[in-house]
Amino acid sequence: MLTASTRLSVKRPFSLFSTVVSHGWYQTLPFRWDADAEALLRAEALRDGRIMLVRVEEAPSARRNYRDLVITVKGENARDPGVASEMARRVTVMLHADEDLSGFYELCKHVPDLAAALKLGAGRCMRAPTLWEDVVKTILSTNVTWRQAVTMINRLAELGEPCPADPSLRAWPTPGQVIRAKEKFLRDTVRAGYRAPYISELARAQKSGKIDLESIDAAAKKMTEKELFDALVGLKGVGKSSTHFLMNLLRHYDHLPVDSATYAYATRELFHGKRPTEKQIRRRFARYGKWQSLVYWFGRWEPRFEWWVPVKTTA
């Protein structure tokens, strides 16, 4: 089994660790964070069906004010032309490696609650390499505890093709694989409940071309806030808060996702124990303009990493 490698340079401040654990996706398959080696692993499917093991590690860069990401690809004919560069493209998407966050980091210098984010190289929110995966995981994360969400997501991930270089990892299932498993699998095995028909319908729509999540993903950076919101909120199972969360993953930080966790945090930390309205929460962060969602998220981010305990799930 062959191995290929390539490198990406990311402008500082940057930390692979801080980016990976920016939110809970790293606890869901096919991601795996190796804390001892400080490496991100993931199984990725090529268009020809080959499954590659992708390993990402941080290293010093020859470029001033940059950090490098060392990307190692292992699998059948991994040295074929274009394989390593395609994996580098996907890693760029996942880690927002090419995103200009200079405006956010300038803001961090003047907001005390963001001192940890600036010091620790946080600010990028890791996402999946495809909007299909991000949307499905978001639907499965709605109206449940995070532990339950991880369990459902990881059960669904078992539909993917195994990675020969690491059989414990599988590529994220395609819409076709979800369709073939049928809604009964989503209800009885994943135990997705009311979310099962939403995921089935999304898979069918994506497979048939009725919905083109890849096109939305590609166009997102140039879309207006309203255009992107309208494109996402129309997906069944994706409400307003989930839409704003997905917009964050797509580099639109104009609005923060207000959900039960947001209310709990705002009540406890910002409004002296009194539950605020959604309007009051949004007014509190509106002054931060296009960075307001990042200000909220990394302002409440735990700099002591106390919540980074692996989630144990049941089969």
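**Close-up views of a predicted model**

**View 1. Helix 7 and helix 8 are roughly antiparallel to each other, because the angle between them is over 145 degrees.** The model shown here and in every view below is predicted. Helix 7 covers residues 175-188 and helix 8 covers residues 195-208. They pack at an angle of about 165 degrees. Their axes lie 9 Å apart. The crossing of helix 7 with helix 8 is left-handed. Helix 7 brings Pro175, Gly176, Val178, Ile179, Glu183, Leu186 and Arg187 to the contact. Helix 8 meets them with Ala196, Pro197, Ile199, Ser200, Ala203, Arg204, Gln206 and Lys207. By class, this contact of helix 7 with helix 8 holds eight nonpolar, three polar and four charged residues.

**View 2. Strand 1 runs antiparallel to strand 5.** Ten bridges join the two strands. Strand 5 spans residues 66-75. Leu8 has Leu69 of strand 5 as its bridge partner. When following either strand, keep one rule in mind. In a regular strand, side chains alternate between the two faces of the sheet.

**View 3. Strand 3 and strand 4 form a hairpin.** Seven bridges pair these strands in the antiparallel sense. Five residues lie between strand 3 and strand 4. Gly49 sits in the turn, with a positive phi of about 100 degrees.

**View 4. Strand 4 and strand 5 also make a hairpin, with five residues between the strands.** Eight bridges join strand 4 to strand 5, and the two run antiparallel. Leu53 stands opposite Lys74 of strand 5. In this hairpin, Asn65 takes a positive phi near 65 degrees.

**View 5. Trp146 belongs to helix 6.** Helix 6 covers residues 146-157. Trp146 has a relative accessibility of 31%, so it counts as partly exposed. Gln27 lies 119 residues from Trp146 in sequence. In space, the C-alpha atoms of Trp146 and Gln27 are 10 Å apart.

**View 6. Helix 10 packs with helix 11 at an angle of about 125 degrees.** That angle makes helix 10 oblique to helix 11. Helix 10 runs over residues 225-233, and helix 11 over residues 240-249. Their axes are 9 Å apart. The crossing of helix 10 and helix 11 is right-handed. Glu225, Leu228, Phe229, Leu232 and Val233 come from helix 10. They meet Lys240, Thr243, His244, Leu246 and Met247 of helix 11. The residues in the contact of helix 10 with helix 11 divide into six nonpolar, two polar and two charged.

Definitions and conventions. Residues numbered from 1 in each chain as written. Predicted model: local features only at pLDDT ≥ 70, side-chain atom pairs only at ≥ 80, totals over all residues. Heavy atoms only, no water. Pairing = 2+ DSSP bridges. Helix = DSSP H or I, 4+ residues; strand = E, 2+ residues; numbered from the N terminus. Axes fitted to C-alpha atoms, helices over the stretch in contact; angles between N-to-C directions. Parallel < 35°, antiparallel > 145°, perpendicular 65-115°, else oblique. Left-handed = near helix turned anticlockwise from the far one by under 90°. Contact = heavy atoms within 4.5 Å. Nonpolar A, V, L, I, M, F, W, Y, C, P; charged D, E, K, R; others polar. Buried < 20%, exposed > 50% of the residue type's maximum accessible area, 1.4 Å probe, protein only.
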